[in-house]
There are 2 protein chains.
Amino acid sequence: MNKWYEKSGECSDVVLSTRIRFARNMSDYPFPCKLNSNVKSQVANDIKRVLSNKSFANYNFRCLNIASMNRIDTRSLVECHLVSPEFIKKDDSGVVFISSEDNISIMVNEEDHIRMQVMKEGLSLEETYNVADELDNKLDKNLKFAFNENLGYLTQCLTNLGTGMRASVMLHLPALKECGMIEKISSNLIKLGLTMRGLYGEGTEPKGDIYQISNQVTLGISEKTAIKNLNDITMQIINQERNYRKELSKNIQVTDAICRSLGILKTAKLLSNDEFMKLISNIRLGLSMGIIKGTSYDVLNNITIKAQPYMLMKEEKSELTSVKRDQKRAMIMNTNLQNTEIL
Amino acid sequence: MNKWYEKSGECSDVVLSTRIRFARNMSDYPFPCKLNSNVKSQVANDIKRVLSNKSFANYNFRCLNIASMNRIDTRSLVECHLVSPEFIKKDDSGVVFISSEDNISIMVNEEDHIRMQVMKEGLSLEETYNVADELDNKLDKNLKFAFNENLGYLTQCLTNLGTGMRASVMLHLPALKECGMIEKISSNLIKLGLTMRGLYGEGTEPKGDIYQISNQVTLGISEKTAIKNLNDITMQIINQERNYRKELSKNIQVTDAICRSLGILKTAKLLSNDEFMKLISNIRLGLSMGIIKGTSYDVLNNITIKAQPYMLMKEEKSELTSVKRDQKRAMIMNTNLQNTEIL
């Protein structure tokens, strides 16, 4: 089976992926920041025990203990969006359960006892929510989640209080970026209770014109309403992006940038990650504009994930110098885009 | 028949072309700077009459009157190195005779009454000199050249006095440039009575790592000795360049630059002249290193000449905006390098 990041889904010309995350805490324990290593281990063991029940067998969860993993393995998990960058920085008792298709991960003792997330290719908020909701219900039956009738789920950070849900979509917005629309959209989103971020979440810079949009409000709004809002607004942004792309397709400078990006990716022997992200953004744009043929969004999604520094090292099973990584990244592109052509 | 600049010759991995130029003046007239338009016309007519003799028939000279030509036609002559940039700036009585293969040109009323030059692809100083010498002898029989037993040929500028000969070779020196050797070579050449210049002669910047080396001394040295000196030193520089190329071929950054230059030339939809000169320099280097296959020096020479701004407009038979030129230049490269590949 392919991983979610090796596939493409709905509106894949603009949407890379959809993510639903629930923050949950067990009422028997204080929040993780108040726990010592021993108690954290207890929390992890409680959850592990539950997940070993037959009813979770279909997820095929594997259990990874961050403390016992090397740098390459932990950081490549971040690159696959399976754990947060903060999670692997902790030096004790971080445990994560990951499903066989890499579409579900359950971080234990991150900010909250449980951070479960479901990811899916393309725009798929409802379906992804249903998968997350089903998992949440199953866990809820076996673990006493801290819940208050008035407030909802209790979380360490107040920004998650209530539904504890963060729903997000990863969008490729090169045309809106090129036309200087991102800041305006970003400030409008805030007024609508949504927020726009970079590729790896809060505080990170957007790379390759990829932006993450997610709900900000978790209190006083149901999960389904929050998801409907996010979906409606995402559809608006998708349409805006598509319209600006139509405009840009008449621009010879843009066509030139797309075509030469393909030329470089097919021939370069060294590619830094930053340059790669810029070039692959152009290829994705060119594919949607009909300027480029002979590749597909699932291939582009796949090589975008694989081109990341720690993913490269994971495949090589060893640390690589910056130059060696740039070489390997270039080789992957030369091979994977061999039959990609300008229309 | 192909023009000289559509062919490649000896040592074509380093040498683009060889040029011999003689400055001559007629003893019956003062130097051109002392002449009014009428007398300049007389000079031109005298020469025209001589060149219409049967003995010049094999050259197939065509006579061009600069004043009656448009901007595109005169400037494309400069781009083909058939006339000097100064020559077309004069507003009266500039006449040039050009042979059918574009290998010989005779400028009338440039700095001297006659500036005859012979060009040839590759390194070919002796052969080119012989062609120039034969033409010079034929003209000398019919026109009284200003000559002094002690000084030799009299020229307006003292730097040409004596042989009136400027022999030059156009060299592609990307490896010596990359290794920071150009300044050292340039200052050594001065001590040897030679000089190093940019692509269009005195005072111009080198573009695409192309340098022109020529004899500086015209007094107290025979033509043949001057040519032998230039040839010997050119051979040394060629060998140095080749050795540095061997070193550079181990450098992944250089290989990367060569490969991606091909990628860009094959795909870009806009190419400025400056970018083109940089990229084609890399292709030429890559061809000599065995990194690139499926093209040849004559093709590269040809497209280098044709990619120049006025040559593009000449082919289009109209003025072109900068963007249109960049588009046309890119199209020529896409087509001509279609089957060029990385080895």
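At 4% relative accessibility, Asp102(B) counts as buried, a term that means under 20% relative accessible area, with exposed meaning over 50% and partly exposed in between (1.4 Å probe, protein chains only). The model is predicted: local features need pLDDT of at least 70, side-chain atom pairs count only at pLDDT 80 or more, and totals for chains, interfaces and linings use all residues. Residues are numbered from 1 along each chain as its sequence is written, chains are lettered from A and ligands numbered from 1 in the order in which they are written, and side-chain values use heavy atoms, with hydrogens and water left out.

Asp102(B) lies in the loop between strand 3 (95-98) and strand 4 (104-108) of chain B; helices (H or I, at least four residues) and strands (E, at least two) are DSSP runs, numbered from the N terminus. Although Asp102(B) is not a glycine, its phi is positive, at about 65°. Most residues other than glycine have a negative phi. In chain A, Asp209(A) also is not a glycine and has a positive phi, of about 60°. Its place is the loop between strand 9 (194-197) and strand 10 (210-215) of chain A. Asp209(A) counts as buried because its relative accessibility is 19%.

Another aspartate, Asp46(B), belongs to helix 1 (residues 37-51) of chain B. With a relative accessible area of 18%, Asp46(B) is buried. Apart from neighbours within four places in sequence, Asp46(B) is in contact with Met26(B), Tyr29(B) and Leu143(B), where contact means heavy atoms within 4.5 Å.

The next topic is the relation between the chains. Two copies of a chain are related by a rotation about an axis and a shift along it. The same surface serves both copies, since 100% of the contact residues of chain B recur in chain A.

A nonpolar core is a set of buried Ala, Val, Leu, Ile, Met, Phe, Trp, Tyr and Cys residues joined through side-chain atoms within 4.5 Å. The largest one has 64 residues, of which Leu265(A), Leu271(A), Met333(A), Leu265(B), Leu271(B) and Met333(B) touch the most other members. In both chain A and chain B, helix 8 (252-267), helix 9 (273-289), helix 10 (297-306) and helix 12 (322-336) each supply at least two residues of this core. Not counting residues up to four places away in sequence, Leu271(B) touches residues including Arg260(A), Ile264(B), Leu265(B) and Met333(B).

Aromatic rings come last. Rings of Phe, Tyr and Trp (its six-membered ring) pair if their centres lie within 6.5 Å; planes under 30 degrees apart count as stacked, over 60 as edge-to-face and the rest as tilted. The count comes to twelve aromatic pairs over all chains. Phe145(A) and Tyr153(A) have ring centres 6.4 Å apart and planes at 75°, so this pair is edge-to-face. Both Phe145(A) and Tyr153(A) are buried.
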